Amino acid sequence: MPCFEQQGWDVGEIPTREAFLANPQWLPTERVAEQAGADVKAGRIATMDEALYGVCAGPPDEVLYP
């Protein structure tokens, strides 16, 4: 997850596709939210919304909702 890593946030070990499909428990947002919260408190980011939604652009709506 390069967009999180560019902020210096650790997403942990990224599972292989096969491992994730066998056990879809990897949720990097929980880990990133803790680190982003620390950045908000330190004043490096204005809000959690900016941290979680402004850092990584999601796929366009037409991809999510064909």
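Tutor: Asp39 forms a salt bridge with Arg44, and their closest N and O atoms are 2.7 Å apart; a salt bridge here is a side-chain nitrogen of Lys or Arg within 4 Å of a carboxyl oxygen of Asp or Glu. This is a predicted model, in which local features need pLDDT of at least 70 and side-chain atom pairs count only at pLDDT 80 or more, while totals for chains, interfaces and linings use all residues. Residues are numbered from 1 along each chain as its sequence is written, and side-chain values use heavy atoms, with hydrogens and water left out.

Student: Is Asp39 buried or exposed? And what about Arg44, buried or exposed?
Tutor: Asp39 is buried, with a relative accessible area of 9%, whereas Arg44 is exposed, at 58%; buried means under 20% relative accessible area, exposed over 50%, and partly exposed in between, using a 1.4 Å probe and protein chains only.

Student: How many salt bridges does the structure hold?
Tutor: The structure holds 2 salt bridges, and one of them is formed by Asp10 with Arg31, with the closest N and O atoms 3.2 Å apart. Asp10 lies in the loop between α1 (2-6) and α2 (17-22) and Arg31 in helix α3, so the pair ties together parts that are 21 residues apart in sequence; helices are DSSP runs of H or I with at least four residues, numbered from the N terminus. Asp10 is partly exposed at 39%, and Arg31 is partly exposed at 41%.

Student: Switching topic, which residues make up the largest nonpolar core?
Tutor: That core has 8 residues in all, namely Phe4, Trp9, Val11, Val32, Ala36, Ile45, Ala51 and Cys56, where a nonpolar core is a set of buried Ala, Val, Leu, Ile, Met, Phe, Trp, Tyr and Cys residues joined through side-chain atoms within 4.5 Å.

Student: And what is Trp9 in contact with, leaving aside its neighbours within four places in sequence?
Tutor: With those neighbours left aside, the contacts of Trp9 (heavy atoms within 4.5 Å) include Phe4, Val32, Ala36, Ile45 and Ala51, and also Asp39, the residue that pairs with Arg44 in a salt bridge.

Student: One more: where does Gln6 lie, and how far apart are the C-alpha atoms of Gln6 and Val55?
Tutor: Gln6 lies in helix α1 and is exposed, with a relative accessible area of 68%. The C-alpha atoms of Gln6 and Val55 are separated by 9.1 Å, although the two are 49 residues apart along the chain.

Note on methods: Helix = DSSP H or I, 4+ residues; strand = E, 2+ residues; numbered from the N terminus.
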